[in-house]
Amino acid sequence: MEVQRFLSRLRRCIDDYNLISEGDKIAVGLSGGKDSAALLLGLGELRRFYPKNYELFAITADLGFEGMDFKKLKNFCADINVPYKIIKTDIKELVFDVREEKNPCSLCSKMRKGALNDAIKEEGIKKLALGHHFDDAIETCVMSLFLEGRFHCFKPLTYMSRADTYQIRPMLYVRENELESLVETMKLPIIKSSCPVDRYSKREEIKKTIAELEKTYPDIRQKIFTAIKGLPLEGWEKSE
């Protein structure tokens with residue numbers, strides 16, 4: 001994917017849902033995966049010409065898994081002139097060792113976002129940018145339908161009342177395969193997760209299910225995304 005096309009999609013999503021305001025301080029939750037690396041690159045490039053001025057930071061939650069080396073992320077942030085911070089957490093110990101969760105991904109995700117929200121609040125930052133993309137929205141919606149019996153998805157802009165912060169998702173118009181292409185083209189730093197259930201989650205099951213359905217219904221992803229926006233689901237109303 002070309003960088004300019006990526007930035008165009010990013011900007012359109014930001015404008016549609018009013019994700020950035022003048023003078024914002026925005027932290028990107030940098031996990032080591034392709035999505036957050038692409039998001040940081042995009043917001044770093046966009047700030048050069050976006051009509052609203054904003055400051056950009058990067059933050060990584062160290063979950064406590066062995067063998068995770070964040071040096072490449074540190075160097076990446078230095079190269080694009082973005083302040084970077086790593087916060088230590090005991091999430092791995094709590095989720096895997098103490099509670100021994102059989103399906104740990106949901107709890108781990110909630111705890112990670114909670115740790116990031118608390119950390120940015122201490123830094124005086126009000127917005128946390130997350131790397132959810134087009135396919136994440138579809139998978140979340142289908143997973144909610146299959147497992148919870150409701151048509152639901154996360155929002156482009158979410159207010160976190162406990163931390164008094166906002167979560168924004170600027171990449172909702174970008175497909176996963178486009179991000180993979182961008183990351184390869186731009187040689188963005190990727191750190192392989194040492195989580196023992198990586199690639200074995202409920203989300204992965206849903207991803208495979210959608211891929212199978214796509215063989216018969218090639219446009220099923222676009223149809224689901226159109227339904228999310230068209231209803232629209234709560235929080236998916238475009239800004240006036």
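The points below concern the sheet and the salt bridges of a predicted model.

1. The sheet is open and mixed in its pairing, with six strands arranged as S3-S2-S1-S4-S6-S5. Strands S3 (84-88) and S5 (157-160) are at the edges; each has a single partner strand, so one side of each is left without a neighbour in the sheet. From one strand to the next, the twist averages 30 degrees.

2. Strand S2 (residues 54-62) runs parallel to S3 and is joined to S3 by five bridges. Within this region, Ala-61 stands opposite Ile-87 of S3.

3. Helix H5 (residues 105-122) lies across S1, S2, S3, S4, S5 and S6, and runs at about 135 degrees to S2.

4. The salt bridges number 22. One of them joins the side chains of Lys-127 and Asp-24, with an N to O distance of 2.7 Å. Because Lys-127 belongs to strand S4 and Asp-24 to strand S1, this pair ties together parts 103 residues apart in sequence. Lys-127 is buried at 9% relative accessible area, and Asp-24 is buried at 13%.

5. Asp-118 and Arg-162 form a salt bridge at 3.5 Å, N to O. Asp-118 lies in helix H5 and Arg-162 in the loop between S5 and S6, 44 residues apart. Asp-118 is partly exposed, at 31% relative accessible area, whereas Arg-162 is exposed, at 62%.

6. A further salt bridge, at 3.0 Å from N to O, connects Lys-207 and Glu-176. Lys-207 is in helix H8 (residues 202-216) and Glu-176 in helix H7 (residues 176-186), so the pair ties together parts 31 residues apart in sequence. Both residues, Lys-207 and Glu-176, are buried. They also belong to a network of salt bridges that includes Lys-34, Asp-35, Glu-139 and Arg-203.

Methods
Residues are numbered from 1 along each chain as its sequence is written. This is a predicted model: local features need pLDDT of at least 70, side-chain atom pairs count only at pLDDT 80 or more; totals for chains, interfaces and linings use all residues. Side-chain values use heavy atoms; hydrogens and water are left out. Two strands pair if DSSP finds at least two bridges between them. Helices (H or I, at least four residues) and strands (E, at least two) are DSSP runs, numbered from the N terminus. Axes are lines fitted to C-alpha atoms, for helices over the stretch in contact, and angles run from 0 to 180 degrees between N-to-C directions. Contact means heavy atoms within 4.5 Å. A salt bridge is a side-chain nitrogen of Lys or Arg within 4 Å of a carboxyl oxygen of Asp or Glu. Buried means under 20% relative accessible area, exposed over 50%, partly exposed in between (1.4 Å probe, protein chains only).
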